[in-house]
Amino acid sequence: YSGPVHLIPMGVDVEHFKTAPKARQENAPLLAVTVARLTWTKGHRFFLQAMRQAIEKGVDINYCIAGAGPYRYDLETEVAELGLGERVRFLGLIGEDTVLDQLRTADLFALTSIGKGEAAPVSVMEAMACGLPVICSRIGGTGDMIEDGVDGFLVAQEDVDAIADAITRLAREPNLASTMATAARKSAIAK
């Protein structure tokens with residue numbers, strides 16, 4: 001095929017998915033959230049492993065996982081094996097209003113998927129519209145959505161060390177987190 005290729009961009013309602021700027025309290029734990037099906041390809045386990053590494057570096061972090069799917073038992077087992085039971089909450093299947101509540105209270109959004117199964121993840125668009133820095137795998141169209149180091153972090157698939165470094169930077173560099181949050185919102189509006 002040598003004809004033109006037409007791109008039809010997808011988006012979210014950036015007026016609905018927005019939040020007032022907030023600053024994390026000085027001694028409050030960093031709060032990460034993921035909204036995704038609980039399947040192997042969504043890569044939750046890599047964020048959990050990175051979270052363990054960040055905790056070992058002194059980062060205080062909690063994690064809320066929204067979604068349902070066949071991989072929940074495996075994830076619960078991983079949480080227990082990593083000693084993260086008090087820091088990880090499984091929210092199950094939640095509605096759009098609850099998703100918005102989660103995004104409004106979080107400090108960062110994570111989607112560390114693997115494989116080729118993502119195109120332009122809507123949950124990343126929603127998180128960025130809410131002004132959340134994103135830690136996301138390079139997969140599908142995420143490289144078009146996120147400018148690495150500007151409005152979020154793009155990491156290689158399965159790169160636990162890079163994910164842990166991104167978590168640690170967001171926890172220890174409040175100015176970076178704030179700048180990324182503003183940039184994420186601007187990117188969501190522009191794109």
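**Questions on a predicted fold**

Modeller: Valine 134 stands opposite glycine 152 in S6. This is a predicted model, in which local features need pLDDT of at least 70, side-chain atom pairs count only at pLDDT 80 or more, and totals for chains, interfaces and linings use all residues. Residues are numbered from 1 along each chain as its sequence is written, and side-chain values use heavy atoms, with hydrogens and water left out.

Colleague: What makes S5 and S6 a pair?

Modeller: Two strands pair if DSSP finds at least two bridges between them. Strand S5 (residues 134–137) and S6 have 4 bridges, in the parallel sense. So they pair, by that definition.

Colleague: What counts as a helix or a strand here?

Modeller: Both are DSSP runs, numbered from the N terminus: helices are H or I with at least four residues, strands E with at least two. The protein has 7 helices and 6 strands. From the N terminus, the order is β-α-β-α-β-α-β-α-β-α-β-α-α.

Colleague: Which way do the residues of S6 point, and are they buried or exposed?

Modeller: Gly152 and Leu154 point one way, Phe153 and Val155 the other, and all are buried. Buried means under 20% relative accessible area, exposed over 50%, and partly exposed in between (1.4 Å probe, protein chains only). Buried residues make up 50% of the 191 residues in the protein.

Colleague: Why is proline 70 called exposed?

Modeller: Its relative accessible area is 74%. The cut-off is over 50%, so proline 70 is exposed. Proline 70 sits in the loop between strand S2 (61–66) and helix H2 (72–81). Leaving aside residues up to four places away in sequence, proline 70 touches Leu38 and Thr39; contact means heavy atoms within 4.5 Å.

Colleague: How do you know that H6 has close to its expected span?

Modeller: Expected span is 1.5 Å times one less than the number of residues. Helix H6 (residues 160–172) has 13 residues and reaches 18 Å from first C-alpha to last, close to the 18 Å expected.

Colleague: Why are H4 and H7 called oblique?

Modeller: Helix H4 (residues 122–129) and helix H7 (residues 174–190) pack at about 120°, axes 7 Å apart. Under 35 degrees is roughly parallel, over 145 roughly antiparallel, 65 to 115 roughly perpendicular, and the rest oblique. H4 and H7 are therefore oblique to each other.

Colleague: Which residues make that contact?

Modeller: Met125, Met128 and Ala129 of H4, with Ala184, Arg185, Ser187 and Ala188 of H7.

Methods. Axes are lines fitted to C-alpha atoms, for helices over the stretch in contact, and angles run from 0 to 180 degrees between N-to-C directions.
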